[in-house]
Amino acid sequence: MAGMATQGDGERGGGVINYIIRRVLYALPILIGVNLITFALFFVVNTPEDMARMQLGMKRVTPEAIERWKAERGYDKPLVFDASKQGVHTVTETIFFEKSAAMFALDFGQADDGRDIASEIAKRAGPSLAIALPVFVVGLMTMVSVALLMVFFRATYVDAGGVVLCVALMSISALFYIIAGQWLVAKVWRLVPISGFADGGDALRFLLLPVLIGVVSGIGSGARWYRTLFLEEINREYVRTARAKGLSELQVLFRHVLRNGLIPILTASVAAIPLLFMGSLLTESFFGIPGLGSYTIDAINHQDFAVVRSMVFLGSALYIVGLVLTDISYTWADPRVRLE
Amino acid sequence: MSAFLGFKPALLWTDALLLLLVVAVLLVVRHIRRHEHLAAPWRKVALSRAGMVSATVLMVFATIGLLDSMHYRPELPREPGAPAGAVRYAVEMRSLLDHLLDPLPVQVETSYSAPLATQAFNKTSMESDSGTVRDYPRLKFGGAHLSDSNTQWATDISARVLRGTLWGLATGLAILLFAAFVRGPAQALSRLFRWLVGNGDDAVHCVAWTVLALSVLGGAVATLAQGYHVFGTDKVGQDVLYQILKSIRTALVIGTLTTLVTLPIGVVLGIAAGYFRGWIDDVIQYLYTTLNSIPGVLLIAAAVLMTQVFMDTHPEAFETVTERADFRLLFLCLILGITSWTGLARLLRGETLKLRELEYVQAAQAFGVSSAAIIGRHIVPNVMHIILISLVMDFSGLVLAEAVLSYVGVGVDPSMISFGTMINSARLEMAREPMVWWALAAAFVVMFVLVLAANLFADAVRDALDPRTRVRGVA
Amino acid sequence: MSDSVLRVSDLDVDLHLGGKRVRAVAGVGLEIRRGETFALLGESGCGKSMTALALMRLLPDVAGIAGGQVRLDDEDILQRPEALMRELRGRRMAMIFQEPMLSLNPVMTIGDQIGEVLTGHLGLSGAAARTRTIELLTAVGIADPQRRIREYPFQLSGGMKQRVMIAMALAGEPELLIADEPTTALDVTIQAQVLDLLRRLQAERGMSLLLITHDLGVVANMAHQVAVMYAGQVVESGSCEQVLQRPRHPYTRLLLTALPEITGSNQQLATIPGQVPPLDGGIAGCRFAPRCAWVRDDCRSRAPVWQGELRDGVRCPHVAELAPLPEQLREPMARPLHVGPPLLQVQDVQVHFPIRAGLLQRQVGAVKAVDGVNLAIAAGQTLALVGESGCGKTTVGKAIVRLNRLTAGDIRYAGQPWASLDGEALRRQRSQVQIVFQDPYASLDPRMRVADILMEGMASLGVGGSSAERLARVDRLLDQVGLPAAARWRYPHEFSGGQRQRIAIARALAVEPKLIVCDEPTSALDVSVQAQILNLLRDLQTELGVAYLLISHNLSVVEYLAHEVAVMYLGRIVEQGEAKAVLKRPQHPYTQALLSAIPRVDVARQPQRIQLNGELPSPADPPTGCHFNPRCAHADRLCRQEYPPVTVADGREVRCHHIVQTGGAYVPAPLKPALGGDDAISKLPQGPA
C-alpha cells in the first residue's frame, strides 16, 4: 500500500479531537458496566437483609433492628422498581437509583459513621497524592535509569547480575519492604518517625520513608520490564542505521533507543497517573497516613459497604480516565498516531 | 501414634481440584513427551541451570503441598460400651503431612519462644523451693530431653546437626542413585559420579548438588525438630516450622487453582474475540475492559466481603471450620481468577488476530474447514506457548498477592494457616522489646525462596518457549 | 595499488549460535577500485550481508570477525579502536540497507536524521545543516524537500524512504557506499528509479559502490566488477561481462541457466539440487561439490584453492574441462485455447474495503482494491495476473478462492454460479479451486506433520476415500512433488523453503482441484530453488491438466509459465492477451514501462527505460479518468477525464485512449533492440569462450 501514507493532511487536527471524543464516549458504557457490577455485587448477591444481619450480629437480632438498620442507610427501598410509586418515582426512589446511579453525580452517600463520603474523599486525596506522586516520579526515573544502565552493559556480567537482582527484588513481598524498612530506618537508625502524618513542610519527614520504600519495592519488576523494551528496540534496524552513521554508543542509546523505548513506558505510566489518587493500601495503613488507601482498608475491616462501593466506583472512573489519557498521550508521543 | 490404626479419606474441594490439576499436568507432560516438536523447547528448559535448580526447589514445595492435600479423618478411640462394628471418626481432618510431622502439630508451648530455645521468651512467676521467682520457664517440649539445658544445649545441637547432615547426605545420595538407576540400570554408579563431578555448566550437575543441599538441609532441620522448635513458637505457642510447612499448601493452591478459572475463560474469550472479530470482539473487549477497570484489590475485597456475608448467614452449610476455610480459599481462587483472566485474554486476542491472517489458516478456510476445527487445530496449538508462559508467570504473583490480601483482611480465612495470616498476626511483634522476629523472618524467607524459584523457572520457560526471545540472539 | 579504495583479504566471520560456532564468511578476498560499482552476488545465506557488515564493523552481537584484513586506502581498519572506527562510519564508508521501512527511526524527522550525520562528521548545524539537507534531498530526487525535512518516515512511501537513506549515506560524502540489497523490498518500477539514482550519483561523485544483491539482472545493469559468493566463500570474480557472459565456476553457470529469462520457456530450467551445506565445520572438499553437476572424486576431498588474480579468478581447478550442460527441451507453450465456456469466469468483480472515520465510525470511503475486473481462465492453461504490490492482484486471487467477499460482480465456475455459493453448497465445490501462497514459512502450520497437512483438505472435503487410502494418496502426492515418502511424518520446520513450497503445492493438489491460484509462488525463494518450483508447476500442468491463475510481479516467471497475461493497475486490468504478444509487444504505456523497468541479465535485450513519475496512487482515492494518467508520459485531457474503454488491438484487450486514436498499431517508445520472431530468445553461451 505504498503511496497511501501521504494523504489526508487537511483532516489531521480534526482527526485527533474526533479520536479523543470517541474514546471518551467509549468510556461511558464501561463506567455504566462497572456501576451495574457493583450494584449486583452489593445488593443482588446478598440482600440488604443479609448485610444487616451480619452487621448486627447473627444470633440475637430482631426484625425491628434490621428494619431500623436498613432505614438508617436508605436500604429499605425496593431494588430497581417500585410499583407503588407514581411516574418517575417508580424508578428514582429505589436502591439502584439512589445508591448506584447517584454515584455518577459523585453523590456517594454517607459512611457508617455518618460522615459524607464525598467530602471525606476530597479531604484524603491530598495525603494519598503526597506519597503516590513522588513514588511515581522518582520510581519512573530510577527504573528507566537502571534499565538503561543494564542495556548499556548488555551481554556482560553487569547486565546479568542486574537481571538476577531484579528478579530477586521482585520476589520479595511488598509487606517485607515495609516492615523491614520501618524496622531498619525508623527503629534501628531512628532517622525518621515510624509512622504518622503532618501537613505542610513538616510532612517531609513522614513521607521520606514511605516514598523510599515505594520506589525500592517497584524497581525489580519495572527495571526488568523496561530493559526488555529497550533491548527490543536496540535490535531494530534503525539502530543499526544510527551506528552506520558513526554515532557513539551513548548517542545511539539516548537519541534513538530511549526515544522509541519510552513511548510504551510513557503511555503505560500515564494510565497509572489518575489511580495515584487512590493511594496505596499497604503503605498508608502501615504508616498511618490519612489517605484514601487507609480509608479503604478501614472500610474493609469495618465492613462499611457504602465506602467500599464508592471506592470501587471511584477507582474504576479514575482507571477509565487513565485509559483516555493513554490514548491522548499516544497521539502526543508517537508521530505515527498523531499524524495519521 | 495411635491415629493410624484406622482412618477415613476425606476430600476437600481444593484437594479434589488440586488432584485434577496434577492429573492434567501429567497428561500434558505425556502428550509433550510423545511429540518431538513440543518436547524440543522444553529440552532447552532442561539445559538452563537456573531453571532446573529452581524446578528442583519447586518440586520440594509441591511435594510438601501435595502431602498436605491428602486429608483423612482419624478413627476415634472406641468408647467403652459402644457396639463392636460402630467406628467413629474425628470431625477435624488431618493431612498426610500432619501425620508425618507428628508430634509437631500438638507440641504447643504456652507462648513465644525463640528458635531452638529451651526456655520461654517471657518471664513468668514460678513456685520454687525458695519461694516465688520470676524467671524464664523451661519449655514443655523444646529441649525437654535435656536435664541441664545450659551445659548440654550446644553439644546436643551440634550432634543433631551432624547426625541430620549425615542422614540428609545419605538420603540425597540414595535419591540420586535411584534417579541414575531409572535413567538406565547399567552404569548407574558411573552416571551418578558424572552428575556429581561434571563440569560447572551442566544443568544436571547443578540439580544433583541442589538435591544434596536440600537433603542435608532437610535432614538437619528434621533431626533438630525432633527436640526443638527450629523456628521458635508464636504467641499461642504454636511451632513456627509447622505453620510454615502448612502455609506452603495454601500458597500452592492459590497459585495453581486460580489458573483453573483463568485458563478456560481467558482462552475461550481471547481466541473467540480474535478469531471472530466483529460484534463478538466488541462484546468481549467491553467485558474485559470493564472488569479491568475495577481496581483488583477492591473487586476482590468487595467479593470477599460478600462471601463473608453469605457464609455468616448460612452457617449450616459448613460442617467444620476446615471446610469453611476451604470454601473461602476456593472462593478466593475463583475471584482471583475472575479478576486475572483479562491479561491472558488480551494477549491471546492479539495473537489470534495475527494468526487468523496467516496463510495456513487461509488454506484451511479454502478447504472449507469449520471455524471450530480451525481454532482447535491451528489456533490453539500455536498459542499454547503463550498460555503456558502466562501460567508460570502468574504463579509467583498470586503467591505474593495472597500475603497482601490476607494482610488486608480479604484473603484466606483467619483460621487457615498461610504466609499472609502468619505475617498479619506477627507484624505487631516487631514493636516488642526485645523483638520477636522469627515468625516474620521465617515466613518472609520461605516465601521469598518459593517466589524466587517460581520466577526463575518462569524465566527459563519463557526463554525457551517464546519465539521472540528465541530469535533475538540471531537477528 | 593506488586506485583501490578497499582491499579485503582472508576475511573470516564467525557466528555463535547456541554454543555452536558457524563460519559464515570464510577467507573472503575483494578489491574495490575508486569510482567503480562492485557487485557481491549470492543467494540467501551465502554470507554476503555478513561480509558487508563486517567491513563496517557493524556485525550483530552474535557474530564476530575471526581474522583477515580490511584495508581502506592503506590502513587495516580492523585494527582501529572502536572509538576511531566511528570517524569512518558515515564519513568515508556509508551503508544503506534492504528494508527502508525499518531502517529509519520512526519517531525522528527526516531532517534530524540526516542532520545527525552533518553535525557529527562535518560540524554543520543550524541553518547550514538545513541548507545542506535540502540540497541532499534534492540530489536524491525528493520533491518539495523544505516540507519533507519536517516529516517522519511513515509519511513517505517505500521508494522515498530509500531515497532518504541514500541522502543520509551521501551526507558524509563517503568514498565508498555499501548498498545491501537496496531495492529488494521495492517494486520493479521503484527499483528502476532507485537504481538509476544510484548509478547517476556514483558517476557524478566518482564514488565507489559495493552493491550486495541476489538479483543477476541488477548486477548486469549496474556493476563493473562482480564477485560471486557461495556458502561463505567467493567462488568467482571478474568483470561483469566476464562473469555473466562467460561464467566459469559451475555454481555461476548453473545459476544463470536456472533463470527463465536465459533459458527460455521451451526448455527445462537447470536446477541446483540439494541445499547449501551447513557451515558449522567439517567441510573437507569443495563446498559446492554435493550439488555440482560436474563433480569429480577429488572435489569431495580436497578444498579448491583460488585460481587466478584477486579480481579475475575462480575457486575451481576444473573450469577448463567442463562440458556444456545438455539441453532438456519442453513442449512449447501452446497457444491459449478458448473453446467452449472458460473454466472460470470473473465478471466485473469489485472488492472494496470500507474506510471508517469520524465520531460514529461511519464509512467515509473505501479502498477499492479490486474495481471491476474481468478474467477468463481456460481449463488446463495458465493465466498470469501481473502487477506491482498494492494493485489488487492478490485480492482477486482470494476472491476466486472465496476467501473474501465480493462487493459487486460475479464469478462463474464451469458456467455455474460460484460467487453466490455458500454454506454446504460452497463446501462441496471448494475442492475445485485451491490456492498456493507466497510465503512457504507462513503457509504451513508448524504444529502439524506433513501427512496431517495434506490430509486436512481431503478429510474436510471428503476426497480420497478411507483414511488408509488417503495415506496412500499422501505418498503419491509427495512423490508427485518430488519429496520422499518418509517426509510424511515430519514437521515443516525440517524442510527448506523450496521443499515447503512443494508441500504447499501437494496440499492444494490433494483435493484434485481443476484450478490452482498460485499467489507469487516463487518470490520468497532463491533463483536456483525457483527453477525447481517452476519446472514442477509446468510438469504438473502437463501431467494433470490443472489450470493456474499465476499471480506474480516477476515477468520472467510469467513468461516461463503463462499462456495468457493480464496486467493489473490500481484495481483494474489495463492489458490482457496472449502471453508472448503482451510481453514482446506491450501496448499499454504501463505494461511498456513495467517491462522496461525489469533489469535483464542479457543487457542487449534491455528495452529502453521508460521513466514513470511518482508511485502508485492510493486505491482509496484513484485519479479521475485513466488511473494511470498522473504517471503516463502520453496523458492528455481525455485521459484525465474519462476512464478508457476496452480496445481490441493486436489480438489483445487494452484500456488506453491512445490505442483508439492510432488504430491499434500504437508503439510509443521504440523497444531496443528490435525484436525478432516470437521464439527468438537468444541464449547465453554456456562454456568459457
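Tyr238(A), Val239(A), Thr241(A), Ala242(A), Arg243(A) and Ala244(A) are the buried residues of helix 10 of chain A, where buried means under 20% relative accessible area, exposed over 50% and partly exposed in between, with a 1.4 Å probe and protein chains only. This is a predicted model, in which local features need pLDDT of at least 70 and side-chain atom pairs count only at pLDDT 80 or more, while totals for chains, interfaces and linings use all residues. Residues are numbered from 1 along each chain as its sequence is written, chains are lettered from A and ligands numbered from 1 in the order in which they are written, and side-chain values use heavy atoms, with hydrogens and water left out.

**Helix 10 of chain A**

- Because six of the eight residues of helix 10 (residues 237-244) of chain A are buried, this helix is largely enclosed by the rest of the structure; helices (H or I, at least four residues) and strands (E, at least two) are DSSP runs numbered from the N terminus.
- The cover over its buried residues includes helix 9 (203-234) and helix 11 (249-272) of chain A, together with helix 1 (48-56), strand 6 (93-96), helix 3 (100-103) and helix 7 (158-171) of chain C.
- Gly246(A), which follows helix 10 of chain A, has a positive phi near 95 degrees.

**An open sheet in chain C**

- Four strands of chain C form an open sheet in the order 14-13-16-17 with antiparallel pairing, two strands being paired if DSSP finds at least two bridges between them.
- The edge strands are strand 14 (362-377) and strand 17 (416-417) of chain C, each of which pairs on one side only.
- Strand 16 (residues 408-413) and strand 17 of chain C pair in the antiparallel sense over two bridges, and Pro417(C) in strand 17 is the bridge partner of Arg412(C).

**Cysteines**

- Zero disulfides are found over all chains in a search of the whole structure, a disulfide being a pair of cysteine sulfur atoms within 2.5 Å.
- The closest cysteine sulfur to that of Cys292(C) is in Cys299(C), at 6.3 Å, which is too far for a bond.
- Cys292(C) is buried, with a relative accessible area of 15%, and Cys333(B) also counts as buried, at 1% relative accessibility.

**Chain B as a whole**

- The secondary structure of chain B comes to 16 helices and five strands, and its C-alpha trace spans about 95 × 65 × 55 Å along the principal axes.
- Of the 475 residues of chain B, 49% count as buried.

Conventions
Contact means heavy atoms within 4.5 Å.
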